[in-house]
Amino acid sequence: MTRIDDTPSAWDERTQLTTFLDYARDTARAKCEGVSAENARKALLPGSPLMTMSGVINHLRWVEYYWFQVVFLGEEDRGPWTEEDPDREMRIAVDFPLTQLLDEYAEQSARYRELVAANDLDKQAQRAIRKGLHVDLRWILLHLTEETARHNGHLDILREMLDGTTGD
């Protein structure tokens with residue numbers, strides 16, 4: 001599995017935050033290297049029927065969409081989820097090739113890198129989250145790093161169960 005280094009090229013706050021988010025993103029993609037289309041769709045955890053490698057990657061893609069476009073920019077929520085099916089992004093992922101999901105995630109990540117570069121870390125989100133709180137871009141970057149890292153643990157488990165592959 002290949003990944004970028006988690007050591008930032010500079011020690012300012014922005015570079016450190018974006019380096020760690022990119023590191024977590026690249027780790028998620030690396031965990032999927034060489035996984036067959038069939039294996040990417042397998043739900044191996046009996047208590048988690050939506051937990052597939054495809055589902056996790058699609059979830060990560062849509063989580064970033066939600067935080068950057070819906071919360072930060074204040075755009076209309078056009079995500080795949082509904083009130084009746086709040087985890088739909090994980091459910092529909094099995095309908096797409098893993099390579100497509102990974103490509104879309106990488107393309108989206110590049111666009112969000114530009115968005116982050118163009119905005120101050122202190123800039124507040126257009127939409128409030130719970131209790132009327134308007135988080136700033138810094139908080140969103142930290143949250144997405146945490147979210148992605150947590151799901152990398154799920155990808156670790158799934159990959160090891162699929163074919164025995166382990167890694168950092």
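Keep in mind that the model is predicted.

Let's begin with α3, residues 53-72. Helix α3 has 20 residues. From first C-alpha to last, α3 reaches 27 Å, close to the 28 Å expected at 1.5 Å a residue. There is a bend, though. α3 has a kink of about 25 degrees, centred on Tyr 66. How enclosed is α3 by the rest of the structure? Largely, because 19 of its 20 residues are buried. Just past the end of α3, Gly 74 takes a positive phi of about 80 degrees.

Now α5, residues 98-117. This helix also has 20 residues. α5 spans 28 Å, close to the expected 28 Å. Its buried residues include Leu 98, Leu 101, Leu 102, Tyr 105 and Gln 108. Ser 109, Tyr 112, Leu 115 and Val 116 are buried too. Where do they sit around the axis of α5? Within an arc of 130 degrees, so they line one face of the helix. An α-helix has 3.6 residues a turn, so residues three or four places apart point the same way. On the face of α5 turned away from the buried side, we find exposed Thr 99, Glu 107, Glu 114 and Ala 117. The cover over the buried residues of α5 includes α1, α2, α3 and α6.

Next, the cores. The largest nonpolar core has 21 residues. Trp 67, Phe 68, Val 135, Leu 137, Ile 140, Leu 141 and Leu 144 touch the most other members. Which helices each supply at least two residues of this core? They are α1, α3, α5 and α6. The largest share, eight residues, comes from α3. Take Leu 137 from that list. Neighbours within four places in sequence aside, Leu 137 contacts Phe 68, Phe 72 and Val 116, and also Asn 119, Asp 120, Leu 121 and Lys 123. A second, separate core has 19 residues. Among them are Ala 28, Val 35, Ile 57 and Leu 60.

Last stop, Glu 147. Glu 147 lies in α6, residues 137-163. Buried or exposed? Glu 147 counts as buried, because its relative accessibility is 8% and the cut-off for buried is under 20%. What does its side chain meet in a polar contact? The side chain of Arg 150, at 2.9 Å. Beyond its neighbours within four places in sequence, Glu 147 is in contact with His 59, Leu 60 and Val 63.

Notes
Residues numbered from 1 in each chain as written. Predicted model: local features only at pLDDT ≥ 70, side-chain atom pairs only at ≥ 80, totals over all residues. Heavy atoms only, no water. Helix = DSSP H or I, 4+ residues; strand = E, 2+ residues; numbered from the N terminus. Buried < 20%, exposed > 50% of the residue type's maximum accessible area, 1.4 Å probe, protein only. Polar contact = N/O pair within 3.5 Å; in protein donor to acceptor, adjacent residues only side chain to side chain. Contact = heavy atoms within 4.5 Å. Core = buried A, V, L, I, M, F, W, Y, C linked by side-chain atoms within 4.5 Å. Expected span 1.5 Å × (residues − 1). Arc of directions from axis to C-beta. Bend = angle between axes of the 7 residues up to and from the residue.
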